[in-house]
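Please examine the protein shown below.

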Amino acid sequence: MDQLKKCTVVGGGAMGRQIALNSAIYAYQVAVCEPVEAVRQDLRAWEASYLAGRIAKGRMTEEDVFGIKSRFLVTENLEDACRDADIVIEAIIEQEDAKRDVLGKISQMVRPDTLIATNSSFMVSSLFKDDVVHPERLANLHYFMPALVMKLVEVVRGEHTSQETIDRLMAFGRSVGKTPVLVRRECDGFIVNNVLKAIKEEAYRLVTEGICTVEDLDTAVELGLGHPMGPFKLDDMSGIDVRCQVLKRRLQETGVKSYGYDMIEKLCRQGRYGKKTGHGFYDYES
């Protein structure tokens, strides 16, 4: 992995900032591109708070943190962020047109051998292969929230993706402290989300039919199955808006309305997107 030295992350939201800081912790030069000033300010405040907390808990030294900060750049300019990048990870909003636009621009700004990955959990990279110059270096690299903590990444092979790209992405995952698993061909949801889909469908059914409350279901799953968090807390963590987009897409493609669709849509209408807005199934402002 000596040839990979600079990692660019496009998108400074909850997922992108964690992917970026995780890479900086593992000695990569990192540039985060985020066009929204308020998000950039929040990102910088979050970075400072997180690293200060590592020092306070004895997890890092001041020297460690100085080195990480020196390797961590936040910019609004995509071209500046992509300059000299060895790998670019897209982590913007889960909207196909937006991803299509930014991935196409990235591919024209970087070297032909620069790896391009989308972190999307349900949009496969083949959707964008015709928009990307040299699509053989394009694939999904799916992190899990919270990306600083979760050890798993899914590397997803598209028909357009070269074996060299897969090998390099697997190696990159290991180089940033993750355990990569290979999804050998594209499918909606990859591995983990397909298993989780069955659990969530039952969870939403039980709550919708009045069998139990959201809180009791999460408690039962955490204490009875040993999951670190229940499915409703997990949706709050990953974003109710993201969940809503997945369910709407599933409805359009299959004509089947999933359990919980109405609950999720109502929360979105209320602006309750989960932890990132302070409210979702649970309230977090306190």
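What are the percentages of helix and strand over residues 189-284, and how far apart are the end C-alpha atoms? Residues 189-284 are 64% helix and 0% strand, with 28 Å between the end C-alpha atoms. Here helices (H or I, at least four residues) and strands (E, at least two) are DSSP runs, numbered from the N terminus.

The model is predicted, so that local features need pLDDT of at least 70 and side-chain atom pairs count only at pLDDT 80 or more, while totals for chains, interfaces and linings use all residues. Residues are numbered from 1 along each chain as its sequence is written, and side-chain values use heavy atoms, with hydrogens and water left out.

**Overall form**

The protein has 11 helices and 8 strands. Its radius of gyration is 19 Å, close to the 19 Å given by the globule rule for 286 residues, so the protein is as compact as a globular protein of that length. That radius is taken over C-alpha atoms, and the rule is 2.2 Å times the number of residues to the power 0.38. The C-alpha trace spans about 55 × 45 × 35 Å along the principal axes.

Of the 286 residues, 48% count as buried; buried means under 20% relative accessible area, exposed over 50%, and partly exposed in between (1.4 Å probe, protein chains only). The accessible surface comes to about 13,900 Å², and carbon and sulfur atoms hold 52% of this area. Accessible areas come from the Shrake-Rupley method with a 1.4 Å probe, and for residues only the protein chains shown count as cover.

Among contacts between residues at least 6 apart in sequence, 65% join residues at least 24 apart; contact means heavy atoms within 4.5 Å. The protein carries 38 positive and 43 negative side chains, and the centres of the two sets lie 2 Å apart. Lys and Arg count as positive and Asp and Glu as negative, whereas His and the chain ends are not counted. The place of each charge is NZ of Lys, CZ of Arg, CG of Asp or CD of Glu.

**Annotated domains**

In an unreviewed UniProt entry, the annotation "domain: 3-hydroxyacyl-CoA dehydrogenase NAD binding" covers residues 7-185. This span is 41% helix and 21% strand, and its end C-alpha atoms lie 25 Å apart. For residues 189-284, UniProt (unreviewed entry) lists "domain: 3-hydroxyacyl-CoA dehydrogenase C-terminal". UniProt positions are given in the numbering used here, feature names are shortened, and annotations may be inferred rather than shown by experiment.

**Buried residues and their contacts**

Ile19 is found in helix α1 (residues 14-25) and is buried, with a relative accessible area of 0%. Neighbours within four places in sequence aside, Ile19 is in contact with Val9, Ile89, Asn119, Tyr143 and Ala147. Pro146 lies 127 residues from Ile19 along the chain, yet their C-alpha atoms are separated by 9.0 Å. Pro146 itself is placed in the loop between β6 (138-143) and β7 (152-156), and the peptide bond from Met145 to Pro146 is cis, with omega near -10°.

Ser121, in the loop between β5 (115-118) and β6, is likewise buried, with a relative accessible area of 14%. Leaving aside neighbours within four places in sequence, Ser121 is in contact with Glu94, His142, Gly189, Phe190 and Asn193.

Ala27 is placed in the loop between α1 and β2 (29-33), and Asp84 in the loop between α4 (78-82) and β4 (87-90).

**Further positions and separations**

Arg269 is placed in helix α11 (residues 261-269) and counts as exposed at 60% relative accessibility. Between Arg269 and Phe128 there are 141 residues of sequence separation and 29 Å in space, C-alpha to C-alpha. Gln95 is found in the loop between β4 and α5 (96-109), where its relative accessibility of 41% counts as partly exposed. Gln95 and Ser238 are 143 residues apart in sequence, and their C-alpha atoms are 15 Å apart in space.
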